[in-house]
Every structure is written in structure tokens, then in C-alpha cells.
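The report below looks at local packing in one protein chain and then at its overall dimensions. It is meant to be read beside the sequence and the coordinates.

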Amino acid sequence: MAKNNSNTPKQPDRGPQYSLDDLYFTVFNERRKYDEDGYPYYIPIEKNTRPTGVRVMDNFMNYLNEGYSSISSFCKTEGVNETDFSRMCKVLTGMKALEFKIRWTERTVVDLLRYTNLSPAEVADRSGVGSHNNMCIACKRVTGRSSRDFRNYEREERDVGLYRI
């Protein structure tokens with residue numbers, strides 16, 4: 001005789017609550033638009049800088065967005081244990097804090113390379129990767145191309161200036 005499982009509680013979804021795409025907000029503050037005569041102007045970009053509602057996680061994303069990258073310094077400032085923070089990050093995103101930080105900064109590197117003419121050193125500094133070499137590694141990992149090739153062959157003619165910091 002088959003067992004009736006209709007009263008058995010459904011198992012909760014144990015996957016992460018958020019993907020990086022759900023949480024990432026751009027480093028840029030304005031986006032270019034064109035008026036009816038074809039003249040460019042810029043409008044503010046609306047950003048949800050508190051996407052999780054979890055103070056420490058939202059603060060971490062804002063910290064990364066400002067170009068900072070030390071998880072240790074962040075945790076000290078927030079008064080949280082690094083291991084506990086990394087575990088919380090894993091529950092929310094499916095990634096430990098270090099992996100989340102790396103993916104966030106990689107995405108920022110690609111955005112800055114594509115939409116600005118910042119020097120490689122400025123991109124490295126603004127994104128939080130720290131060095132030109134790290135910036136090149138991040139770009140290669142995400143795009144499959146060197147930062148120079150990405151800028152020369154992947155970005156489109158009207159990309160530069162589409163956004164402003």
C-alpha cells in the first residue's frame with residue numbers, strides 16, 4: 001500500500017537567496033540620454049544600495065562599490081567576526097565573502113574598462129582589485145580577453161561616456 005505523503009511538510013529551498021546579478025549595483029551615477037534634437041544629457045541612475053535589507057551585507061556591497069576590498073578591515077569596522085560574516089554571505093549568495101568580493105570587483109573592472117577611458121591604474125584602484133596585474137587577471141577571467149583587447153575589440157563606439165561616475 002502506498003504511503004500518503006500529502007501531510008509531509010515541503011522541504012525549504014536551500015539555495016542562495018540572491019545571485020550577484022540580483023545584488024550588484026553599478027559604480028556609475030549617471031547615464032547618457034539624448035534629447036529629440038540628438039543632444040546628449042545625463043540623468044541620475046537609480047540604485048538600490050540596500051538590496052538585501054541585511055545591514056552588514058548591504059554595507060559590504062557599498063564598501064566594495066566605493067573601491068575598498070579588505071574583508072578583514074570591513075569586518076573590524078562593522079564589529080563582526082570574519083568567519084561568521086563569510087558564512088552569512090554564503091547563505092545569502094551561495095558564495096563565501098572572498099568569492100563574492102572577487103566577482104563584484106571583476107564586474108566593476110569590466111564596467112570601468114568598457115564605459116570609461118580611465119587608465120588601467122585608475123581602473124585597478126577604483127574597482128578595488130588593487131594592481132594593474134590583478135585588473136588584467138580579472139578582465140581575462142570575465143571576458144576571456146586581455147584588458148587591452150577588451151577595450152580595443154569588445155567595447156562599442158558609443159560605450160565610452162554612456163555612464164559617468
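Thr105 has its place in helix H5, where helices (DSSP runs of H or I, at least four residues) and strands (E, at least two) are numbered from the N terminus. At a relative accessibility of 5%, Thr105 counts as buried, the term buried standing for under 20% relative accessible area, exposed for over 50% and partly exposed for what lies in between, with a 1.4 Å probe and protein chains only. Once its neighbours within four places in sequence are left aside, Thr105 is in contact with Ser127, Gly128 and Val129, contact meaning heavy atoms within 4.5 Å.

This is a predicted model, in which local features need pLDDT of at least 70 and side-chain atom pairs count only at pLDDT 80 or more, whereas totals for chains, interfaces and linings use all residues. Residues are numbered from 1 along each chain as its sequence is written, and side-chain values use heavy atoms, with hydrogens and water left out.

Gly128 lies in the loop between H6 and H7, follows H6 and has a positive phi, near 95°. With a relative accessibility of 11%, Gly128 counts as buried, and, apart from neighbours within four places in sequence, Gly128 is in contact with Gly67, Ser69 and Thr105. The C-alpha atoms of Gly128 and Gly67 are separated by 4.2 Å, although the two residues are 61 positions apart along the chain.

Val129 is found in the loop between H6 and H7 as well, and is buried, with a relative accessible area of 13%. Beyond its neighbours within four places in sequence, Val129 is in contact with Thr105, Val109, Ala124, Asn134, Met135 and Ala138.

An α-helix has 3.6 residues a turn, so residues three or four places apart point the same way.

Ser147, Phe150 and Arg151 are buried in H8, and, seen down the axis of H8, its buried residues fall within an arc of 95°, so they line one face of the helix. On the other side of H8, Arg148, Asn152 and Tyr153 are exposed, while the cover of the buried residues of H8 includes H5, H6 and H7.

Asn133 is found in helix H7 and is partly exposed, with a relative accessible area of 48%. Tyr42, in strand S2 (residues 40-44), is partly exposed with a relative accessible area of 24%, and touches Glu30, Arg31, Arg32, Gly161, Leu162 and Arg164, residues up to four places away in sequence not being counted.

The table lists C-alpha separations for residues discussed above.

| Pair | Separation in sequence | C-alpha distance |
|---|---|---|
| Gly128 and Gly67 | 61 residues | 4.2 Å |
| Asn133 and Pro120 | 13 residues | 9.3 Å |
| Tyr42 and Gly161 | 119 residues | 9.9 Å |
| Val129 and Asp35 | 94 residues | 37 Å |

As for the whole chain, the protein has 8 helices and 3 strands, and from the N terminus on its elements run α-β-β-α-α-α-α-α-α-α-β. The protein has a radius of gyration of 20 Å, whereas a compact globule of 165 residues would have one near 15 Å; the radius is taken over C-alpha atoms, and the globule rule is 2.2 Å times the number of residues to the power 0.38. Along its principal axes the C-alpha trace spans about 70 × 40 × 30 Å. Buried residues make up 37% of the 165 residues, and, of the contacts with a separation of 6 or more, 58% are accounted for by residues 24 or more positions apart.

Notes. Arc of directions from axis to C-beta.
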